[in-house]
Amino acid sequence: MITILEDASSEVADVSINNQSATSSDVDMLPCNTNKGNVEFTKEEPDPDTIKMFVGQVPKSWDEPKLRALFEQYGRIHTLNILRDKVTMMSRGCCFVTYYTRKAALKAQDALHNIKTLDGMHHPIQMKPADSENRN
């Protein structure tokens, strides 16, 4: 059992694990959110109904951190894979993104698909469920 002894939002929280005292810097902590004193540990696995999304019309110069910054506005990302040429390892201008929740994926699609055009691109982002996924 883990007991938070001080505000979990502080940089180093005092914790009690099976009645052994430690600081959060002494133990590996799961990412968590606090809400009015309640601690909610962040999920390590996505929801079972999550959607893997294909995203096209992405500048080839964009790397993973830049894409994450764009997509994380809509929810926590489980996986992000940039499609690359096998020989040159250059981006092919598209990627796959999977959020932890279906709601976040649909929120991103509603905000980006055929709406947002990224710098250097002539057409708006295309964001759709990947072919292997259910498009309903």
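Contact here means heavy atoms within 4.5 Å.

What you have open is a predicted model, where local features need pLDDT of at least 70, side-chain atom pairs count only at pLDDT 80 or more, and totals for chains, interfaces and linings use all residues. Residues are numbered from 1 along each chain as its sequence is written, and side-chain values use heavy atoms, with hydrogens and water left out.

**Stop one: the sheet.** Helices (H or I, at least four residues) and strands (E, at least two) are DSSP runs, numbered from the N terminus. Select β7, β8, β6 and β9: in that order, these 4 strands make an open, antiparallel sheet. At the edges sit β7 (77–84) and β9, each pairing on one side only. Two strands pair if DSSP finds at least two bridges between them.

Now zoom in on β7 and β8 (residues 91–99), which are joined by 6 antiparallel bridges. Click Arg-84, and you'll find its bridge partner Ser-91 in β8.

**Stop two: the helices.** Axes are lines fitted to C-alpha atoms, for helices over the stretch in contact, and angles run from 0 to 180 degrees between N-to-C directions. Show α1, which lies across β6, β7, β8 and β9 at about 135 degrees to β7.

**Stop three: a loop residue.** Pick Gln-57, in the loop between β6 (52–56) and α1 (64–71). Its phi is near 65 degrees, a positive value in a residue other than glycine.
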